Amino acid sequence: MPRPRVPLLSRDRIRDAALALIDQDGLSALSMRKLAADLGVQAASLYGHYPTKDELLDDIAQHIMARVDVSAFERGDWRQALIDWARSYRNALVAHPNFVPYLSTGPGKRDEHLRFADAVHGGLVGAGWPPREATMIGAATRYLVMGATIGSFSRGFVDDVQVYRDRYPHLDQAHLLRAKADEIDSESFELALTAFTDGLRLRYEALPQRRR
């Protein structure tokens, strides 16, 4: 009987398998040996495509961040651009929460991260924000997105009403949160994003150069 045909090894196949492993078991579970076993090859076969594990992780980061959209910063409405960026950023990350800790270490030398940072900063400065303020807005937006994707608030509750009702009278509905986790997490992010950008709009209108 002929041996089953194994799909050709490629960077895309390795990267996708690595991300699937991280999604399932967490970032710490990834090793080149474990990944090779999942792919049905020897670990040495992977190194021709990714000489180091760090290169593989950086490629995964680039792959995820490629879904983030900063194009609205070219159109001039800085507040809407910030909202669009934050939403696309969250959507890209929320699909892979186990990988967020790696992304949270900062842009470093990753081209995709630096390209986004450049577009955001340039768009804000071009709209009239002082460079220092633009830097802080970009950082604050990133903190908001990371905090909204690294874990679920609602899934931290259990669906047993007795856990909360007797001891925590103001949490008598907390047992319902887990069943509505996606809805609550998404709407909570939107609430925070709206409050943040509304506050920025007031700050922007009060900038000294805008009163001249």
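On a 1 Å grid over the protein atoms alone, a pocket is an open set of points with protein on both sides within 12 Å along at least five of seven lines, and its lining residues are those with an atom within 4 Å of a point. Grid points are joined across faces, edges and corners, and a volume is the space filled by probe spheres set on the points. The model here is a predicted one, in which local features need pLDDT of at least 70 and side-chain atom pairs count only at pLDDT 80 or more, while totals for chains, interfaces and linings use all residues. Residues are numbered from 1 along each chain as its sequence is written, and side-chain values use heavy atoms, with hydrogens and water left out.

Pockets come up first. The largest pocket has a volume of about 250 Å³. Its lining is made up of 14 residues, and Trp85, His113, Ala117, Gly138 and Arg142 are the ones that lie nearest its centre. Helices are DSSP runs (H or I, at least four residues) numbered from the N terminus, and H5, H7 and H8 each bring at least two residues to the lining of this largest pocket. By residue class, that lining splits into 9 nonpolar, 4 polar and 1 charged; here Ala, Val, Leu, Ile, Met, Phe, Trp, Tyr, Cys and Pro count as nonpolar, Asp, Glu, Lys and Arg as charged, and the others, Gly among them, as polar.

The second largest pocket holds about 160 Å³ of space. Around it sit Arg90, Val94, Pro97, Ala148, Thr149, Gly151, Ser152, Arg155, Asp182 and Asp185. Two or more lining residues come from each of H5, H8 and H10.

Next, the aromatics. Rings of Phe, Tyr and Trp (its six-membered ring) pair if their centres lie within 6.5 Å; planes under 30 degrees apart count as stacked, over 60 as edge-to-face and the rest as tilted. Searching the whole structure turns up 8 aromatic pairs. One of them is the stacked pair of Trp85 and Tyr89, with 5.7 Å centre to centre and 25° between the planes. Trp85 and Tyr89 are 4 residues apart in helix H5 (residues 78-94), so about one helical turn separates them. Buried means under 20% relative accessible area, exposed over 50%, and partly exposed in between (1.4 Å probe, protein chains only). On that scale Trp85 is buried at 7%, and Tyr89 is buried at 3%. The rings of Trp129 and Tyr204 make a tilted pair, with centres 5.2 Å apart and planes at 40°. Trp129 lies in the loop between helix H7 (111-126) and helix H8 (131-149), whereas Tyr204 belongs to helix H10 (residues 181-205), so this pair ties together parts that are 75 residues apart in sequence. Trp129 is buried, at 1% relative accessible area, and Tyr204 is buried too, at 11%. Back at Trp85 and Tyr89, ring pairs link these two with Phe73 into a cluster.

Helix H5 also carries Ser88, which is buried with a relative accessible area of 13%. Contact means heavy atoms within 4.5 Å. Leaving aside neighbours within four places in sequence, Ser88 is in contact with Arg67, Val68 and Asp69. A polar atom of the Ser88 side chain lies 2.9 Å from the backbone nitrogen of Asp69.

His96 is buried, its relative accessible area being 10%. With neighbours within four places in sequence left out, His96 is in contact with Leu19, Asp23, Ile64 and Arg67. The side chains of His96 and Arg67 make a polar contact at 3.4 Å; such a contact is a pair of N or O atoms within 3.5 Å, where, within protein, one must be able to donate a hydrogen and the other to accept it, and residues adjacent in sequence count only if both atoms are side-chain atoms.

Over in helix H8 is Thr141, buried at 0% relative accessibility. Outside the four places on either side in sequence, Thr141 is in contact with Leu82, Trp85, Ala86 and Phe196. Helix H8 holds Thr135 as well, and Thr135 is partly exposed, at 47% relative accessible area. The side chain of Thr135 makes a polar contact with that of His121 (3.3 Å).

Conventions. 1 Å grid on protein atoms, 1.4 Å probe; cavity = no way out; pocket = protein on both sides within 12 Å on 5 of 7 lines; lining within 4 Å.
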